[in-house]
Amino acid sequence: MTHQSAQAAGGQTPGSEGKRRKRKPGSLVAYLYISPWLIGFIVLTLVPFVASFIYSFTDYNMVRKQTFVGLANYIEIFTKDPVFVQSLRVTLLYVVIAVPLKLIVALLVAMLLNVKMRGISIYRTIYYLPSILGGSVAVSVLWRFMFMREGLVNEMLSYFSLPPVNWLGDPNLALFTITLLPVWEFGSSMVLFLAGLKQVPAELYEASKVDGASRVRTFFSVTLPLLTPIVLFNLIMQMINAFQQFTAAFVITDGGPMKSTYLYGMMLYDNAFQFFKMGYASAQSWILFLIILVFTFVLFKTSNRWAHYEDGGDGK
Amino acid sequence: MKNRNWRKAVALPLVAMLATALTACGSDESGGKAPEGKTDGEKVTLRFSWWGSEVRHKALLEAIDIYTEANPNVVIEPEYGGFEGYYQKLVTQFAGGTAPDLTPLSVDWIDEIAVKGDLVLDLNTLKDYLNLDAFDKEFLDSYAVYDGKLVGLPMGANGMITLYNKEFFDRFDIAHDTVWDWETIHTIGKQVHEKDANAYLLGMFDYRIFLQPFVNQLTGNQWIQNDKTVGFAEEDVTKAFSYYQQLIADGVIQPVAESSLYPDMADNLQWQNGNIGMMFTLASTIAKVKTYTPGVDVAMFPVPSDAKTSAVLVNPSNPLAINKKSKHPEEAAKFASWLLTSEEASLVLKDVFSVPVVKANADKLVEEGLIDPTVAKAVDLALSNPGEPVNGLSSNQELNQIAQDILERVAFGKVAPDAAASELTERLKDKLALIK
């Protein structure tokens, strides 16, 4: 058996050089196995990612050849685009309302489902269902019909002799109505909270009971502190999702009335696919990327002060 | 050695794929010259794409069958769907070099696709294969020739009209033959709302059915002039905004907080329930409106007696264009010509693209009762007093969105008419300075 054929057969070859070489065939096979993902990542994520960065310095409308314009797109966004400011304001408001609301609902439902009773797994599945249906177009259309002036929600209000509310037509209310849709999809956060709740040691609850703590006190002094790592994870993931929200505003209100629900994602879509300003939209998407990066960084940095890890958070 | 081969085996396709992807991102510089292939007798496949309703799909599929039966060497692959997302898909296809051979163009896209993008053929270069004599030359010159280029064959004539609910007019004693101008709208609309607080003469306004024509009637200019200046003075737009706020205050128009959810008036529940009297719309939408409200008729778009131009929008319903990169432009032209000029095809298409532009065919359809008389009347009305064809810049979607946003704020009473006019002028000027 030659040196090479021994490697190919996976045989042991003494010496450091042999060891180094021995790993290669295996790792190449591994690459081959992950190649579907790798190709998908390169073609559908990496290339568009790099391309959008390059396009952000160009004037490109897909129909004509792109021209390099340097920082002109970025300068226009920050100095001459009132719609950008409006959309950013709406999006921040949306994130500030939708993310905490969703986490609170997810935690409440997780606590409700963290009991031992017959058929609890059926209830858990039922509560997870909205997340599977998700923010799809069909659900958004349904939402629109429910909250329109002549819709189901107002019909229900009328049973209680309450006046109809213009949920989607009133510029002061429309954004709030839109935020209710993602709140409804609390499933993935709920499952994580549920897993976290199950990790809370029973002896801590017993100890707090012995000390005579009320249920509210137990929640704030025992449950919540131990859940903070999961709160951090959920907060970051949901914040990223919220910044990128598109479907709800696009289908339900089309960004209106009076641009009160004109989320960042819609502005990107309009610039890219309504006005075909691909360079400009690319620049805006990079700005969004940086905004999300900064928010995530701040959350991570401040989490030292409020996220408690049983091992002290340093992995020791 | 084997290791290296492995590495190559994996790396090469990856590099090739990356290169392909990067190349696909760039644009083709060849400019897509029309190929000069002779296609007579040779088997050719054409891709024909369009958008529309089910009725239109059925009619076009039937027409394609008739044509391919008579021309067995031609295969036509239909690609059809709704209007939503059609433009986005089409532009992406053009960018990727996979656009269909034949596609209708909405008037709003002509400037970008046909003029600036130069992506479709000048049909004058294919006149040997087209029966251009069948069309009214003046109509073609006015509505299908841009920058000296015949961008497509009009699939039908379309125009802006006043569409009204007959039952509503009877209920409020409004004469069906009322000649509308902005003043009569205000007077009659106010009376209607005084009689019934739930009834409104009109649903809502947008820049296209109100702001542009109203201002054009005052100025006689294009909304945006070809030299990239605005075609109005601030006081003209102030007048329009003040008038709009007056209509809302007097209950002539449904409150915008109720109507803003329905950009398409045909979907507005109050219209469907018969609580709104009329709308300004294109003749091509009549069929859809009639599915909810069958009892409608048409009248002339409001034109004041002292208007400098009627500003009545007339346009070809979707000129049918031929992709510059089509491998068989002659065959595509022959099919387009047959589809839009032959009596045989017109009897199949009827009014799916509004009234045919070829007069002989339109007359035949009316004579045989194959065309909706309301649609025929609407097109006649619009063509009887057409405004200047709208230029490319006045159809620019980004500029029009600015007007639409400010108009909406005016409607909600969030901005005073003069401040809105000043903001609109400034923002349009800023944007125009950036348009190349």
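## Exercises on a predicted two-chain model

The span 92-113 of chain A is 100% helix and 0% strand, and its end C-alpha atoms lie 32 Å apart. Helices (H or I, at least four residues) and strands (E, at least two) are DSSP runs numbered from the N terminus. This is a predicted model, in which local features need pLDDT of at least 70 and side-chain atom pairs count only at pLDDT 80 or more, while totals for chains, interfaces and linings use all residues. Residues are numbered from 1 along each chain as its sequence is written, and chains are lettered from A and ligands numbered from 1 in the order in which they are written.

**Exercise 1. Find which residues of chain A UniProt lists as "transmembrane region", and describe the span 283-300.**

Step 1: The unreviewed UniProt entry lists residues 28-55, 92-113, 125-146, 173-197, 218-240 and 283-300 of chain A under that name. UniProt positions are in the numbering used here, feature names are shortened, and annotations may be inferred rather than shown by experiment.

Step 2: Residues 283-300 of chain A are 100% helix and 0% strand, with end C-alpha atoms 26 Å apart.

Step 3: For the chain as a whole, the secondary structure comes to 14 helices and two strands.

**Exercise 2. Work out how helix 5 and helix 9 of chain A pack.**

Step 1: Two packed helices are described by the angle between their axes and the distance between the axes.

Step 2: Helix 5 (residues 120-133) and helix 9 (residues 187-199) of chain A pack at about 140 degrees, their axes 8 Å apart. Axes are lines fitted to C-alpha atoms, for helices over the stretch in contact, and angles run from 0 to 180 degrees between N-to-C directions.

Step 3: Helix 5 and helix 9 of chain A are therefore oblique to each other; angles under 35 degrees count as roughly parallel, over 145 as roughly antiparallel, 65 to 115 as roughly perpendicular and the rest as oblique.

Step 4: Helix 5 of chain A brings Tyr127(A), Tyr128(A), Pro130(A) and Ser131(A) to the contact, and helix 9 of chain A brings Gly187(A), Ser188(A), Met190(A) and Val191(A). Two residues are in contact if their C-beta atoms, placed from the backbone, lie within 7 Å.

**Exercise 3. Which residues of helix 15 of chain B are buried, and what includes their cover?**

Step 1: In helix 15 (residues 359-367) of chain B, the buried residues are Asn361(B), Ala362(B) and Leu365(B). A residue is buried if 20 or more other C-beta atoms lie within 10 Å of its own, exposed if 12 or fewer, and partly exposed in between, with C-beta atoms placed from the backbone.

Step 2: Seen down the axis of helix 15 of chain B, these residues fall within an arc of 100 degrees, so they line one face. The arc is that of the directions from the helix axis to the C-beta atoms.

Step 3: The face turned away from the buried side carries the exposed residues Ala360(B) and Glu367(B).

Step 4: The cover of the buried residues includes helix 14 (343-349) of chain B.
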